[in-house]
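User: Could you take me through this structure step by step? I am new to reading such models.
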Amino acid sequence: MNSSYFWTTVFLLGFVTLMIRVSFFYLYSYIKIPNRVKRSLGFIPVAVLPALVAPAAFMHQGDIVSLGGHERVLALFMALFVSYKTKNVFATIFSGIVFLYLIRLIA
Amino acid sequence: MSSVKNTSWDMFVLGVKRLLPITPGVVPFGLIMGTVASNSGLSLFEGMSMNFMVFAGASQLAALELMNAKSPILIVVLTGFVINLRFIMYSASLAPIVKDLSPLKKLGLAYTMTDQSYAVSIVEFEKIKNTKDQIAFYMGTVVMMMSAWHLSTLTGIVFGNFAPKSISLDFAVPLAFMSIVQPLIKNKVFATVALTSASMSILTYSLPYNLGLIISAITALVVGGYMTKEEGVHE
(Lines give C-alpha, C1' and ligand atoms only; values in the text may rest on other atoms or scores of the structure.)
Protein backbone atom coordinates (compact mmCIF):
# COMPACT_ATOMS: atom_id res chain seq x y z
CA MET A 1 0.00 0.00 0.00
CA ASN A 2 1.27 3.43 -1.02
CA SER A 3 2.49 5.29 2.05
CA SER A 4 1.06 8.77 1.37
CA TYR A 5 -2.27 7.19 0.36
CA PHE A 6 -2.36 5.26 3.63
CA TRP A 7 -1.45 8.17 5.91
CA THR A 8 -3.74 10.68 4.20
CA THR A 9 -6.69 8.30 4.41
CA VAL A 10 -6.04 7.33 8.02
CA PHE A 11 -5.54 10.93 9.08
CA LEU A 12 -8.78 12.07 7.39
CA LEU A 13 -10.75 9.09 8.70
CA GLY A 14 -9.44 9.75 12.21
CA PHE A 15 -10.25 13.44 11.99
CA VAL A 16 -13.77 12.90 10.64
CA THR A 17 -14.48 10.26 13.28
CA LEU A 18 -13.28 12.53 16.09
CA MET A 19 -15.48 15.37 14.78
CA ILE A 20 -18.51 13.07 14.84
CA ARG A 21 -17.71 12.00 18.40
CA VAL A 22 -17.20 15.50 19.73
CA SER A 23 -20.09 17.03 17.73
CA PHE A 24 -22.74 17.33 20.41
CA PHE A 25 -20.25 17.89 23.21
CA TYR A 26 -19.69 21.27 21.52
CA LEU A 27 -23.13 21.84 19.99
CA TYR A 28 -25.25 20.67 22.93
CA SER A 29 -26.40 24.11 24.04
CA TYR A 30 -27.16 25.25 20.48
CA ILE A 31 -28.90 22.36 18.70
CA LYS A 32 -31.38 19.65 19.61
CA ILE A 33 -31.61 16.53 17.43
CA PRO A 34 -35.15 15.86 16.20
CA ASN A 35 -36.52 12.50 17.37
CA ARG A 36 -36.93 11.33 13.77
CA VAL A 37 -33.23 11.73 13.11
CA LYS A 38 -32.38 10.11 16.44
CA ARG A 39 -34.43 7.07 15.44
CA SER A 40 -32.69 6.78 12.09
CA LEU A 41 -29.29 6.94 13.78
CA GLY A 42 -30.27 3.84 15.75
CA PHE A 43 -30.55 1.95 12.47
CA ILE A 44 -27.01 2.73 11.31
CA PRO A 45 -25.22 -0.48 12.36
CA VAL A 46 -28.02 -2.62 10.93
CA ALA A 47 -28.08 -0.55 7.73
CA VAL A 48 -24.32 -0.53 7.14
CA LEU A 49 -22.84 -3.81 8.31
CA PRO A 50 -24.99 -6.23 6.23
CA ALA A 51 -23.72 -4.40 3.14
CA LEU A 52 -20.21 -5.38 4.19
CA VAL A 53 -21.18 -8.97 4.99
CA ALA A 54 -23.34 -9.97 2.02
CA PRO A 55 -20.88 -9.32 -0.84
CA ALA A 56 -18.08 -11.07 1.10
CA ALA A 57 -20.12 -14.27 1.00
CA PHE A 58 -22.39 -13.99 -2.06
CA MET A 59 -19.95 -12.37 -4.48
CA HIS A 60 -16.98 -14.48 -3.45
CA GLN A 61 -16.00 -16.94 -6.17
CA GLY A 62 -15.07 -20.10 -4.31
CA ASP A 63 -13.67 -23.36 -5.59
CA ILE A 64 -16.21 -26.00 -4.52
CA VAL A 65 -17.83 -27.00 -7.82
CA SER A 66 -20.71 -28.95 -6.23
CA LEU A 67 -21.78 -25.75 -4.45
CA GLY A 68 -21.27 -23.56 -7.51
CA GLY A 69 -18.39 -21.84 -5.71
CA HIS A 70 -20.76 -20.60 -3.01
CA GLU A 71 -19.25 -22.36 -0.02
CA ARG A 72 -18.96 -19.06 1.87
CA VAL A 73 -22.70 -18.49 1.60
CA LEU A 74 -23.32 -21.87 3.19
CA ALA A 75 -20.76 -21.24 5.95
CA LEU A 76 -22.23 -17.79 6.58
CA PHE A 77 -25.73 -19.16 7.12
CA MET A 78 -24.39 -21.85 9.45
CA ALA A 79 -22.57 -19.18 11.47
CA LEU A 80 -25.70 -17.01 11.44
CA PHE A 81 -27.53 -19.85 13.13
CA VAL A 82 -24.76 -20.14 15.75
CA SER A 83 -24.98 -16.38 16.36
CA TYR A 84 -28.75 -16.61 16.75
CA LYS A 85 -28.41 -19.44 19.27
CA THR A 86 -25.41 -18.21 21.28
CA LYS A 87 -25.25 -14.38 20.76
CA ASN A 88 -21.55 -14.90 21.19
CA VAL A 89 -19.03 -13.07 18.98
CA PHE A 90 -16.24 -15.54 19.45
CA ALA A 91 -18.45 -18.63 18.90
CA THR A 92 -19.85 -17.07 15.71
CA ILE A 93 -16.50 -16.20 14.15
CA PHE A 94 -14.90 -19.47 15.20
CA SER A 95 -17.77 -21.63 13.95
CA GLY A 96 -17.89 -19.80 10.60
CA ILE A 97 -14.18 -20.36 10.00
CA VAL A 98 -14.43 -24.02 11.04
CA PHE A 99 -17.55 -24.61 8.91
CA LEU A 100 -15.80 -23.17 5.87
CA TYR A 101 -12.73 -25.28 6.55
CA LEU A 102 -14.82 -28.45 6.92
CA ILE A 103 -16.94 -27.74 3.82
CA ARG A 104 -13.79 -27.34 1.74
CA LEU A 105 -12.27 -30.43 3.33
CA ILE A 106 -15.31 -32.65 2.67
CA ALA A 107 -16.48 -31.33 -0.71
CA MET B 1 -10.16 12.78 54.52
CA SER B 2 -10.46 12.86 50.74
CA SER B 3 -13.84 11.20 50.50
CA VAL B 4 -14.58 12.69 47.06
CA LYS B 5 -11.40 11.25 45.65
CA ASN B 6 -12.29 7.90 47.15
CA THR B 7 -15.71 7.63 45.53
CA SER B 8 -14.25 8.73 42.18
CA TRP B 9 -11.68 5.96 42.41
CA ASP B 10 -14.39 3.47 43.37
CA MET B 11 -16.44 4.58 40.39
CA PHE B 12 -13.43 4.22 38.10
CA VAL B 13 -12.89 0.66 39.35
CA LEU B 14 -16.59 -0.08 38.91
CA GLY B 15 -16.33 1.09 35.29
CA VAL B 16 -13.42 -1.29 34.68
CA LYS B 17 -15.43 -4.13 36.24
CA ARG B 18 -18.55 -3.44 34.21
CA LEU B 19 -16.70 -3.43 30.91
CA LEU B 20 -14.72 -6.59 31.69
CA PRO B 21 -17.53 -9.09 30.87
CA ILE B 22 -17.91 -7.73 27.34
CA THR B 23 -14.23 -7.85 26.41
CA PRO B 24 -14.65 -11.38 24.95
CA GLY B 25 -16.63 -9.63 22.22
CA VAL B 26 -13.86 -7.08 21.65
CA VAL B 27 -10.78 -9.30 21.60
CA PRO B 28 -11.64 -11.41 18.49
CA PHE B 29 -12.44 -8.19 16.66
CA GLY B 30 -9.06 -6.73 17.61
CA LEU B 31 -7.26 -9.92 16.60
CA ILE B 32 -8.95 -9.74 13.20
CA MET B 33 -8.11 -6.05 12.87
CA GLY B 34 -4.46 -6.84 13.54
CA THR B 35 -4.43 -9.77 11.14
CA VAL B 36 -6.06 -7.76 8.35
CA ALA B 37 -3.65 -4.88 8.96
CA SER B 38 -0.63 -7.13 8.64
CA ASN B 39 -2.10 -8.99 5.63
CA SER B 40 -2.66 -5.59 3.97
CA GLY B 41 1.07 -5.05 4.20
CA LEU B 42 0.96 -2.49 7.02
CA SER B 43 3.89 -2.35 9.40
CA LEU B 44 3.39 -2.71 13.15
CA PHE B 45 3.76 1.05 13.45
CA GLU B 46 1.25 1.79 10.68
CA GLY B 47 -1.28 -0.72 11.99
CA MET B 48 -1.11 0.59 15.54
CA SER B 49 -1.12 4.23 14.35
CA MET B 50 -4.36 3.55 12.52
CA ASN B 51 -5.73 1.94 15.68
CA PHE B 52 -4.90 5.02 17.78
CA MET B 53 -5.81 7.66 15.19
CA VAL B 54 -9.20 6.22 14.26
CA PHE B 55 -10.08 4.01 17.26
CA ALA B 56 -13.28 2.68 15.67
CA GLY B 57 -12.97 -0.97 14.63
CA ALA B 58 -15.74 -1.45 12.08
CA SER B 59 -14.70 1.63 10.11
CA GLN B 60 -11.04 0.61 10.26
CA LEU B 61 -11.79 -2.83 8.82
CA ALA B 62 -14.02 -1.41 6.11
CA ALA B 63 -11.34 1.19 5.29
CA LEU B 64 -8.63 -1.45 4.96
CA GLU B 65 -10.82 -3.51 2.66
CA LEU B 66 -11.49 -0.48 0.45
CA MET B 67 -7.83 0.60 0.56
CA ASN B 68 -6.73 -2.86 -0.55
CA ALA B 69 -9.07 -2.41 -3.52
CA LYS B 70 -7.36 0.97 -4.16
CA SER B 71 -10.59 2.94 -3.71
CA PRO B 72 -10.35 6.74 -3.85
CA ILE B 73 -9.64 8.43 -0.52
CA LEU B 74 -12.99 10.23 -0.63
CA ILE B 75 -14.88 6.92 -0.83
CA VAL B 76 -12.91 5.38 2.04
CA VAL B 77 -13.47 8.39 4.28
CA LEU B 78 -17.13 8.72 3.28
CA THR B 79 -17.74 5.04 4.05
CA GLY B 80 -16.06 5.41 7.44
CA PHE B 81 -18.11 8.54 8.05
CA VAL B 82 -21.37 6.65 7.45
CA ILE B 83 -20.30 3.74 9.67
CA ASN B 84 -19.28 6.10 12.48
CA LEU B 85 -22.30 8.41 12.25
CA ARG B 86 -23.85 6.43 15.10
CA PHE B 87 -21.45 8.24 17.48
CA ILE B 88 -23.57 11.37 16.99
CA MET B 89 -26.22 9.62 19.02
CA TYR B 90 -23.80 8.83 21.86
CA SER B 91 -22.37 12.33 21.67
CA ALA B 92 -25.82 13.88 22.12
CA SER B 93 -26.65 11.44 24.87
CA LEU B 94 -23.46 12.05 26.89
CA ALA B 95 -23.30 15.80 26.23
CA PRO B 96 -25.12 16.91 29.42
CA ILE B 97 -22.56 15.03 31.52
CA VAL B 98 -19.53 16.79 30.01
CA LYS B 99 -21.08 20.23 29.54
CA ASP B 100 -19.01 21.92 32.26
CA LEU B 101 -15.65 20.58 31.06
CA SER B 102 -13.14 22.62 29.04
CA PRO B 103 -13.25 22.23 25.21
CA LEU B 104 -9.98 20.31 25.33
CA LYS B 105 -11.27 17.85 27.94
CA LYS B 106 -14.42 17.42 25.88
CA LEU B 107 -12.28 16.54 22.89
CA GLY B 108 -10.31 14.06 24.97
CA LEU B 109 -13.42 12.35 26.28
CA ALA B 110 -14.98 12.32 22.80
CA TYR B 111 -11.92 10.53 21.42
CA THR B 112 -12.48 7.63 23.83
CA MET B 113 -16.12 7.07 22.80
CA THR B 114 -17.00 3.51 21.75
CA ASP B 115 -20.16 1.40 21.44
CA GLN B 116 -19.05 -0.65 24.43
CA SER B 117 -18.19 2.18 26.84
CA TYR B 118 -21.36 4.01 25.89
CA ALA B 119 -23.62 0.98 26.31
CA VAL B 120 -22.19 0.05 29.72
CA SER B 121 -22.15 3.65 30.98
CA ILE B 122 -25.64 4.66 29.95
CA VAL B 123 -27.08 1.70 31.88
CA GLU B 124 -25.06 2.49 35.00
CA PHE B 125 -25.90 6.22 34.84
CA GLU B 126 -29.43 5.29 35.90
CA LYS B 127 -27.88 4.62 39.32
CA ILE B 128 -24.94 7.05 39.40
CA LYS B 129 -26.37 10.56 39.57
CA ASN B 130 -23.35 12.75 40.33
CA THR B 131 -21.61 14.03 37.17
CA LYS B 132 -18.14 13.63 38.63
CA ASP B 133 -18.81 10.00 39.49
CA GLN B 134 -20.32 9.41 36.07
CA ILE B 135 -17.17 10.67 34.38
CA ALA B 136 -14.99 8.57 36.68
CA PHE B 137 -17.07 5.49 35.87
CA TYR B 138 -16.90 6.26 32.15
CA MET B 139 -13.11 6.61 32.34
CA GLY B 140 -12.92 3.17 33.93
CA THR B 141 -14.82 1.63 31.02
CA VAL B 142 -12.56 3.53 28.60
CA VAL B 143 -9.31 2.29 30.13
CA MET B 144 -10.57 -1.30 30.05
CA MET B 145 -11.88 -0.93 26.49
CA MET B 146 -8.67 0.65 25.19
CA SER B 147 -6.49 -2.01 26.80
CA ALA B 148 -8.57 -4.81 25.30
CA TRP B 149 -8.72 -3.25 21.85
CA HIS B 150 -5.12 -2.13 21.45
CA LEU B 151 -3.58 -5.24 23.00
CA SER B 152 -5.69 -7.61 20.92
CA THR B 153 -4.88 -5.67 17.74
CA LEU B 154 -1.20 -5.73 18.61
CA THR B 155 -1.42 -9.50 19.13
CA GLY B 156 -3.21 -9.83 15.78
CA ILE B 157 -0.50 -7.89 13.96
CA VAL B 158 2.32 -9.86 15.56
CA PHE B 159 0.85 -13.37 15.37
CA GLY B 160 -2.06 -13.12 12.94
CA ASN B 161 -0.36 -14.12 9.72
CA PHE B 162 0.98 -17.36 11.15
CA ALA B 163 -2.32 -19.09 10.38
CA PRO B 164 -1.99 -21.64 7.55
CA LYS B 165 -3.45 -20.71 4.15
CA SER B 166 -6.02 -23.54 4.27
CA ILE B 167 -7.80 -21.63 7.04
CA SER B 168 -9.66 -18.72 5.40
CA LEU B 169 -8.98 -16.10 8.04
CA ASP B 170 -10.19 -13.27 5.78
CA PHE B 171 -13.68 -14.72 6.21
CA ALA B 172 -13.49 -13.69 9.88
CA VAL B 173 -14.17 -10.06 8.94
CA PRO B 174 -17.71 -10.55 7.56
CA LEU B 175 -18.33 -13.05 10.37
CA ALA B 176 -17.32 -10.46 12.95
CA PHE B 177 -19.68 -7.88 11.43
CA MET B 178 -22.48 -10.43 11.32
CA SER B 179 -21.98 -11.28 14.98
CA ILE B 180 -22.50 -7.58 15.80
CA VAL B 181 -25.60 -7.16 13.65
CA GLN B 182 -27.47 -10.39 14.39
CA PRO B 183 -28.30 -9.60 18.06
CA LEU B 184 -29.45 -6.09 17.03
CA ILE B 185 -32.22 -7.49 14.83
CA LYS B 186 -34.97 -7.31 17.41
CA ASN B 187 -38.04 -6.91 15.20
CA LYS B 188 -39.46 -6.84 11.70
CA VAL B 189 -38.23 -3.30 11.02
CA PHE B 190 -34.61 -4.10 11.87
CA ALA B 191 -34.81 -7.32 9.85
CA THR B 192 -36.11 -5.41 6.82
CA VAL B 193 -33.37 -2.78 7.16
CA ALA B 194 -30.71 -5.49 7.33
CA LEU B 195 -32.14 -7.39 4.35
CA THR B 196 -32.42 -4.19 2.30
CA SER B 197 -28.80 -3.38 3.04
CA ALA B 198 -27.63 -6.90 2.17
CA SER B 199 -29.57 -7.21 -1.08
CA MET B 200 -28.73 -3.69 -2.22
CA SER B 201 -25.04 -4.39 -1.65
CA ILE B 202 -25.26 -7.39 -3.99
CA LEU B 203 -27.22 -5.44 -6.62
CA THR B 204 -24.79 -2.52 -6.54
CA TYR B 205 -21.68 -4.67 -6.25
CA SER B 206 -20.33 -3.82 -9.69
CA LEU B 207 -20.57 -0.04 -9.26
CA PRO B 208 -17.24 1.77 -9.48
CA TYR B 209 -15.29 3.05 -6.44
CA ASN B 210 -17.18 0.70 -4.10
CA LEU B 211 -20.03 3.20 -4.08
CA GLY B 212 -22.38 0.29 -3.48
CA LEU B 213 -21.76 0.27 0.26
CA ILE B 214 -22.84 3.87 0.77
CA ILE B 215 -25.85 3.52 -1.54
CA SER B 216 -26.93 0.34 0.27
CA ALA B 217 -26.58 1.92 3.70
CA ILE B 218 -28.54 5.02 2.74
CA THR B 219 -31.30 3.00 1.05
CA ALA B 220 -31.60 0.80 4.15
CA LEU B 221 -31.75 3.88 6.42
CA VAL B 222 -34.51 5.39 4.31
CA VAL B 223 -36.47 2.13 4.42
CA GLY B 224 -36.07 2.01 8.21
CA GLY B 225 -37.16 5.61 8.58
CA TYR B 226 -40.14 5.04 6.33
CA MET B 227 -41.23 1.90 8.19
CA THR B 228 -41.12 3.52 11.64
CA LYS B 229 -43.13 6.44 10.29
CA GLU B 230 -45.56 4.06 8.64
CA GLU B 231 -46.15 2.00 11.77
CA GLY B 232 -46.17 5.01 14.02
CA VAL B 233 -43.47 3.53 16.22
CA HIS B 234 -42.45 6.09 18.83
CA GLU B 235 -39.88 5.87 21.53
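Analyst: Let us begin with a definition: the expected span of a helix is 1.5 Å times one less than its number of residues. Please keep in mind that this is a predicted model.

User: What does helix H6 of chain B reach from its first C-alpha to its last?
Analyst: Helix H6 (residues 87–98) of chain B has twelve residues and reaches 15 Å, close to the 16 Å expected.

User: And why is H6(B) described as largely enclosed?
Analyst: Nine of its twelve residues are buried, so H6(B) is largely enclosed by the rest of the structure. Among the buried residues are B:Phe87, B:Tyr90 and B:Leu94.

User: Which helices do those buried residues pack against?
Analyst: In chain A, the buried residues of H6(B) pack against helix H1 (3–27) and helix H2 (35–42). In chain B, their partners are H5, H7, H8 and H9.

User: Where is B:Met144, and is it buried or exposed?
Analyst: B:Met144 lies in helix H9 (residues 131–159) of chain B. Its relative accessibility is 17%, and because buried means under 20%, B:Met144 counts as buried.

User: Which residues does B:Met144 touch?
Analyst: Leaving aside residues up to four places away in sequence, B:Met144 touches B:Val16, B:Leu19, B:Leu20 and B:Thr23.

User: Changing topic, how many helices and strands has chain A?
Analyst: Chain A has five helices and zero strands. Its radius of gyration is 20 Å, well over the 13 Å that the globule rule gives for 107 residues, so chain A is more spread out than a compact globule. Along its principal axes, the C-alpha trace of chain A spans about 60 × 40 × 25 Å.

User: What percentage of chain A counts as buried?
Analyst: Of its 107 residues, 48% count as buried.

How values were computed:
Residues are numbered from 1 along each chain as its sequence is written. Chains are lettered from A and ligands numbered from 1 in the order in which they are written. This is a predicted model: local features need pLDDT of at least 70, side-chain atom pairs count only at pLDDT 80 or more; totals for chains, interfaces and linings use all residues. Side-chain values use heavy atoms; hydrogens and water are left out. Helices (H or I, at least four residues) and strands (E, at least two) are DSSP runs, numbered from the N terminus. Buried means under 20% relative accessible area, exposed over 50%, partly exposed in between (1.4 Å probe, protein chains only). Contact means heavy atoms within 4.5 Å. The radius of gyration is taken over C-alpha atoms; the globule rule is 2.2 Å times the number of residues to the power 0.38.
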